[in-house]
Amino acid sequence: MHLSHTVTAAGFWLGTLLPIVYLPVIVAGIDSMSRLSLFVGLMAVHALALVIGHDYSGSRSR
């Protein structure tokens, strides 16, 4: 397995599963600058993971 395939797979799965983390942040409320920063940071990591993982071959049916 090549490193690029591993990074792509990790990006795909992170992009797939990261929205689960949004729920506790939203339920707890975004009422301070630190929570807003956390939420924006999660969104940025999610966007990056989607860009990195979009070519993951395991996500397509054969």
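In particular, which residues in H2 meet which residues in H3?

Guide: The model is a predicted one, and the description that follows should be read accordingly. On the H2 side, the residues involved are Pro-19, Val-21, Tyr-22, Val-25, Ile-26 and Ala-28. Their partners in H3 are Arg-35, Leu-38, Phe-39, Leu-42, Met-43 and His-46. H2 covers residues 19–28, whereas H3 covers residues 33–53.

The geometry of this pair can be stated as follows. The axes of H2 and H3 come within 11 Å and cross at roughly 165°. Since angles over 145 degrees count as roughly antiparallel, H2 and H3 are therefore roughly antiparallel to each other. The crossing in which H2 passes H3 is left-handed.

H3 also packs with H1, which covers residues 3–17. Here the axes come within 7 Å, with a crossing angle of roughly 135°. This angle makes H1 oblique to H3. H1, too, passes H3 in a left-handed crossing. From H1, the contact draws on Val-7, Thr-8, Gly-11, Phe-12, Leu-14 and Gly-15; from H3, it draws on Val-45, His-46, Ala-49, Leu-50, Ile-52 and Gly-53.

Helix H3 supplies the largest share of the patch, namely three residues.

Methods. Residues numbered from 1 in each chain as written. Predicted model: local features only at pLDDT ≥ 70, side-chain atom pairs only at ≥ 80, totals over all residues. Heavy atoms only, no water. Helix = DSSP H or I, 4+ residues; strand = E, 2+ residues; numbered from the N terminus. Axes fitted to C-alpha atoms, helices over the stretch in contact; angles between N-to-C directions. Parallel < 35°, antiparallel > 145°, perpendicular 65-115°, else oblique. Left-handed = near helix turned anticlockwise from the far one by under 90°. Contact = heavy atoms within 4.5 Å.
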